[in-house]
Amino acid sequence: MAVILDRRTLLAGAGASAALPFLGAPAHAADPLKVGFIYVGPVGDFGYTHAHDVARKKTQDFYADKIKTNYVENVPEGPDAERVLRQLAQEGNALIFATSFGFMNATAKVAKALPKVYFEHATGYMRGPNLATYNARFYEGRAVIGTIAGMMSKTGVGGYVASFPIPEVVMGINCFTLAARKVNPKFQTKVLWLSTWYDPAKEADAAKALADQGADIITQHTDSPAPLQVCEQKGLYGFGQASDMSSIAPKAHLTAIVDNWAPYYIGRVKAVMDGTWKTGDTWWGLKQDTVQIAPYNAAMPDNVKKAADDVKNGIIAGTLHPVTGPVTDNKGTQRLKDGEKANDEMLEKMDWYVEGVQS
Amino acid sequence: MRIRLEPRKAPSRLALYGAPIMAIALTMLAGMVLFTLMGFRGGAAVFEIFIEPLLEPQRWPDIAVKASPLVMIATGLAIGFRANVWNIGAEGQYIVGAVAGTGVALATYEIESAWILPLMLLASLLGGAVWAAIPAILRVRLKVSEILTSLMLTYVALQLLYYLVRGPWRDPEGYNFPQTRMFSEAQTVPNLLEGTQLHWGVPLTFLVVLITWFVMSRTLLGYQVKVVGLAPMAARLGGFSENRTVLMTMLVSGALAGLAGMIECSATFGQLTPQFPVNYGFTAIIVAFLGRLHPVGVLIGGLALATSYIGADIAQTASALPQAATGLIQAMMLFFLLGVDIFVINRIRIAPCVPRLAS
Amino acid sequence: MNFDIAISIVMTLVVAATPILLAGLGELIAEKSGVLNLGVEGMMLVGAVAGFIAASLTGFTPFGYAVAALAGICASLLFGVLALTLGSNQVATGLALTIFGTGLSSLAGAGFVGTTITRLPALFPPTLAGHPLLRLVFGYDVIVYLSIALTFAATWFLNHTRLGLILRSVGESDASAHAIGYPVTTIRYGAVAFGGALAGLAGAYYSLAVTPMWADRITAGRGWIALALVVFSSWRPWRLLLGAYIFGAVMTLELYSKAAGFALLPPEMLAMLPYLATVAALAVIAMRPSRGRLDAPRCLGKPFRAGA
């Protein structure tokens with residue numbers, strides 16, 4: 001019986017708050033603010049979705065019982081996302097984070113239909129009065145690991161296990177290569193496109209193929225730690241993706257670009273609580289701690305650590321931009337003049353590769 | 001004393017209709033125990049999965065939208081299964097249907113005409129039928145098992161979809177994201193109810209179920225299909241061609257799967273993306289069995305399974321039940337149904353243990 | 001292309017082919033007995049997660065493989081009870097098993113994400129396993145040799161043992177096998193359990209050797225490729241081995257050629273190949289005027305009921 005009573009009260013609550021978007025009635029003051037998240041992968045992917053969920057937990061811990069977060073994982077990008085977004089809104093979530101690019105159309109549609117609920121869409125470009133977008137400047141992290149790769153590589157060849165040639169991935173490859181070539185002008189990046197975000201065995205074989213063709217340091221823009229494991233086995237170096245993955249490959253793992261969405265999530269929740277939430281596009285990076293560099297491996301010599309820190313601190317201080325001219329693409333066309341910095345628009349539409357990239 | 005099963009002379013009507021209900025009841029019970037053992041609120045979670053969506057009118061359109069493709073595909077499959085034709089490649093036919101329809105949509109880009117949508121739907125019927133025709137012809141001409149070929153062709157269709165959306169059909173203004181342009185209004189199956197996902201594909205599915213029911217139970221054609229399935233020898237004597245039946249049921253099931261694919265693609269996605277296939281073609285096999293291969297049963301089975309999908313999302317937010325549990329629940333439902341099925345064609349006999357000769 | 005890379009390519013393809021060969025061999029035996037178990041992918045995932053958990057908790061990788069095989073058997077018996085004892089539809093039961101295995105493995109493995117275990121070492125001593133040339137033959141772990149030995153054993157079993165003959169006759173005509181007095185259902189149970197054990201091992205090869213970790217859906221659909229290759233091989237173990245190695249070679253060469261800067265074919269076309277080849281192979285087999293004794297088992301996928 002307890003279960004049923006429990007359900008009744010819950011149902012009543014759901015019904016009442018479901019009306020919220022239409023009536024605009026404020027939630028009871030004592031009620032915790034409900035914040036919803038939808039994820040494209042499982043929270044146990046140890047990669048992209050995992051990082052979002054870690055941030056969700058941090059946000060929950062930060063506000064303790066003032067908010068109630070909940071999530072739906074493994075949501076297919078498409079109509080299911082639209083349904084789940086609506087469901088989250090109807091369940092009384094006042095702020096909803098849609099954490100994958102593929103949720104864009106669904107989020108835009110639902111945000112339009114439910115103007116009283118605040119939506120936040122990661123990595124997209126559609127905005128509205130109640131739909132903000134946010135992203136992280138992961139490419140800044142790529143510049144740090146590129147610097148490390150340039151200095152640590154003996155062969156001067158880096159391997160890059162990549163998913164799809166979308167701007168997000170392309171800018172990462174370019175920043176990695178530009179930074180590496182700054183410390184080793186002969187550095188080459190071999191990119192291997194897998195046409196998948198996730199296939200551990202294939203990612204591992206790709207890392208092997210890159211290693212066999214001279215790459216002695218391997219990074220990735222796919223989701224599983226498989227390439228790192230190949231590095232560990234072959235005595236090469238690699239970098240973690242999205243999370244600190246040193247537990248998987250303690251020797252090979254030099255550092256990782258860690259996605260830390262928590263500062264953004266905490267800030268946006270506060271904005272809703274204070275009634276100051278405004279739409280917009282937020283693109284935070286190393287400076288705001290949204291992109292973090294995991295602790296360095298002890299195998300890294302001090303001068304490499306220092307060089308990496310210099311890049312990191314330069315970006316944070318604003319004295320260094322990872323894409324600063326002269327930049328020539330790998331077909332020989334000059335893209336940026338001496339001293340010219342890539343603006344955000346250029347980065348967001350990037351579909352060319354800098355000199356030194358073999359793809 | 002020994003317990004043994006004895007074939008019934010005629011299937012028990014009570015068991016026939018009672019079995020699916022019993023299967024769902026057993027699934028709920030097993031789910032409750034399993035989730036409790038895993039440390040979740042088992043009773044509440046099962047309530048959320050199976051009952052709560054039915055109690056909330058807001059969820060009804062969601063259930064209808066989710067059930068629609070499943071029911072449409074399963075209706076077609078069930079016709080074939082009745083005739084002992086095992087098309088398990090509906091997922092592939094669903095994809096090819098959507099691909100064919102999208103082909104029309106992309107060819108009529110920037111044309112406004114009332115003819116576009118019917119043309120897209122026609123193309124999808126043809127596309128699905130053509131994809132099903134390959135295993136059908138191989139079976140009729142060469143006696144190759146349609147189970148294996150239709151399954152294999154599903155993966156071919158999937159790669160075809162990937163190839164098209166990553167290559168020739170990629171949206172030229174889509175920043176290299178692997179997806180097609182958005183469909184125009186003339187290319188979209190219209191919405192039925194503002195503020196929900198309910199679209200005209202839902203009543204169309206209902207119509208398909210009605211027509212199938214009529215054909216299967218009230219016409220010679222339906223009788224032929226059933227006779228070929230139950231008693232191939234008698235069918236031959238009665239002048240019913242097995243080959244023609246195989247060909248016809250395969251083409252019909254393929255066409256319906258293709259149509260379901262196009263409707264889903266146009267009404268809810270609004271474009272073709274690599275995330276489009278979500279195993280509806282395989283899930284529909286479960287639906288066909290849950291529905292006892294009867295059109296009305298399929299309708300109920302589809303609604304039941306759709307409810308469990310919607311409910312699983314509720315259970316994720318309300319009870320923090322992982323999404324993977326949905327798969328377990330659905331598999332258990334089918335396991336239990338297949339298990340209790342034995343009592344439809346058999347009855348339990350408790351007989352004294354006397355040695356007997358081999359029967 | 002230098003010599004070292006050539007050896008590397010071969011070694012990579014052997015490792016890539018091994019789990020597919022293992023899963024395929026198990027399914028081949030099951031299919032020869034007339035049972036079509038489409039739950040290979042599900043059994044592989046169950047084996048992969050059980051093997052990883054066992055190896056992780058005990059720190060002893062061989063134990064992981066043993067538990068994986070056992071878990072595969074358990075999963076296959078679930079199929080067996082429904083499809084063999086209760087006579088349920090094999091296609092539906094197999095698909096349900098795959099859905100079940102995917103969900104179960106994800107739930108069971110959740111606590112083990114982000115950890116790793118030690119791989120099995122190469123079977124032979126480092127002088128052989130690490131030799132620049134001889135590693136081509138001696139550089140693998142025991143599972144690779146086991147998969148080849150099992151290919152031998154399966155061929156011998158099917159063609160030269162009495163039990164193998166009985167198994168095949170059960171798959172060819174369950175009614176006549178039953179009439180002669182063979183225990184059709186028992187034999188099929190054995191075949192299905194063997195298939196489960198090998199699928200479990202195959203899954204564990206991913207989580208314990210290829211990428212020693214647990215992650216959701218780690219097998220990424222390789223079970224379906226194994227199913228395809230069984231048919232492609234027209235139910236002959238040696239052809240299955242060849243098929244698995246060809247498949248491994250195509251996938252490996254694709255990556256190596258792309259890393260070297262040229263592409264063989266669009267990746268989607270390559271990914272289609274095993275399935276297209278299987279459909280083509282089925283058609284070709286069927287077109288031959290006389291069907292060999294080792295072709296598709298006639299009772300494949302059909303339920304058997306004594307006395308029916």
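This is a predicted model: local features need pLDDT of at least 70, side-chain atom pairs count only at pLDDT 80 or more; totals for chains, interfaces and linings use all residues.
1. B:N176 sits in the loop of chain B that runs between helix 7 and helix 8 (201–218). B:N176 is not a glycine, yet its phi is positive, at about 70°. The residue has 19 C-beta neighbours inside 10 Å, so it counts as partly exposed. The cut-off for buried is 20 or more.

2. Is A:T123 buried or exposed? A:T123 counts as buried, because 20 C-beta neighbours fall inside 10 Å. A count of 20 or more is what the buried class requires.

3. Chain A also holds a cis peptide bond. The bond runs from A:G325 to A:P326, and omega is near 5°. A:P326 belongs to the loop between helix 10 (302–317) and strand 13 (327–328) of chain A.

4. Next, a helix pair within chain B. Helix 12 (residues 280–290) and helix 13 (residues 295–319) of chain B pack with their axes 7 Å apart, at an angle of about 125°. Helix 12 and helix 13 of chain B are therefore oblique to each other. The crossing of these two helices of chain B is right-handed. Helix 12 of chain B brings B:T283, B:I286, B:V287, B:A288 and B:L290 to the contact. From helix 13 of chain B come B:V298, B:G301, B:G302, B:A304 and B:L305. By class, this contact has seven nonpolar residues, three polar and no charged ones.

5. The axes of helix 7 (residues 200–212) of chain A and helix 1 of chain C come within 10 Å and cross at roughly 170°. Helix 7 of chain A and helix 1 of chain C are therefore roughly antiparallel to each other. The residues on the chain A helix are A:A201, A:D205, A:K208 and A:D212. Helix 1 of chain C answers with C:I5, C:S8, C:T12 and C:A16. The contact divides into three nonpolar, two polar and three charged residues.

6. Now the whole contact between chain C and chain A. Chain C gives 27 residues and chain A gives 26 residues. On the side of chain C that touches chain A, the elements with two or more residues are helix 1 (3–32), helix 10 (184–210) and helix 12 (237–259) of chain C. Which helix gives the most to that side of chain C? Helix 12 of chain C does, with five residues. The residues on the side of chain C that touches chain A comprise 16 nonpolar, nine polar and two charged.

7. Chain B also meets chain C. Here 37 residues of chain B are in contact with 40 residues of chain C. Helix 6 (116–142), helix 7 (146–166), helix 12 and helix 14 of chain B each supply at least two residues of the side of chain B that touches chain C. That side of chain B divides into 27 nonpolar, eight polar and two charged residues.

8. Helix 14 covers residues 324–340 and has 17 residues. From first C-alpha to last, helix 14 reaches 25 Å, close to the 24 Å expected at 1.5 Å a residue. The helix is mostly covered, with 17 of its 17 residues buried.

9. B:I345 is part of helix 15 (residues 342–345) of chain B. This residue counts as partly exposed, because it has 17 C-beta neighbours inside 10 Å. Residues up to four places away in sequence aside, B:I345 touches B:P7, B:R8 and B:P11.

10. B:L29 lies in helix 1 (residues 13–37) of chain B. With 14 other C-beta atoms within 10 Å, B:L29 is partly exposed. B:L29 and B:S124 are 95 residues apart along the chain. The C-alpha atoms of B:L29 and B:S124 are separated by 41 Å.

Methods. Residues are numbered from 1 along each chain as its sequence is written. Chains are lettered from A and ligands numbered from 1 in the order in which they are written. Helices (H or I, at least four residues) and strands (E, at least two) are DSSP runs, numbered from the N terminus. The expected span of a helix is 1.5 Å times one less than its number of residues. A residue is buried if 20 or more other C-beta atoms lie within 10 Å of its own, exposed if 12 or fewer, and partly exposed in between; C-beta atoms are placed from the backbone. Two residues are in contact if their C-beta atoms, placed from the backbone, lie within 7 Å. Ala, Val, Leu, Ile, Met, Phe, Trp, Tyr, Cys and Pro count as nonpolar, Asp, Glu, Lys and Arg as charged, and the others, Gly among them, as polar. Axes are lines fitted to C-alpha atoms, for helices over the stretch in contact, and angles run from 0 to 180 degrees between N-to-C directions. Angles under 35 degrees count as roughly parallel, over 145 as roughly antiparallel, 65 to 115 as roughly perpendicular and the rest as oblique. A crossing is left-handed if the near helix is turned anticlockwise from the far one by less than a right angle, and right-handed if clockwise.
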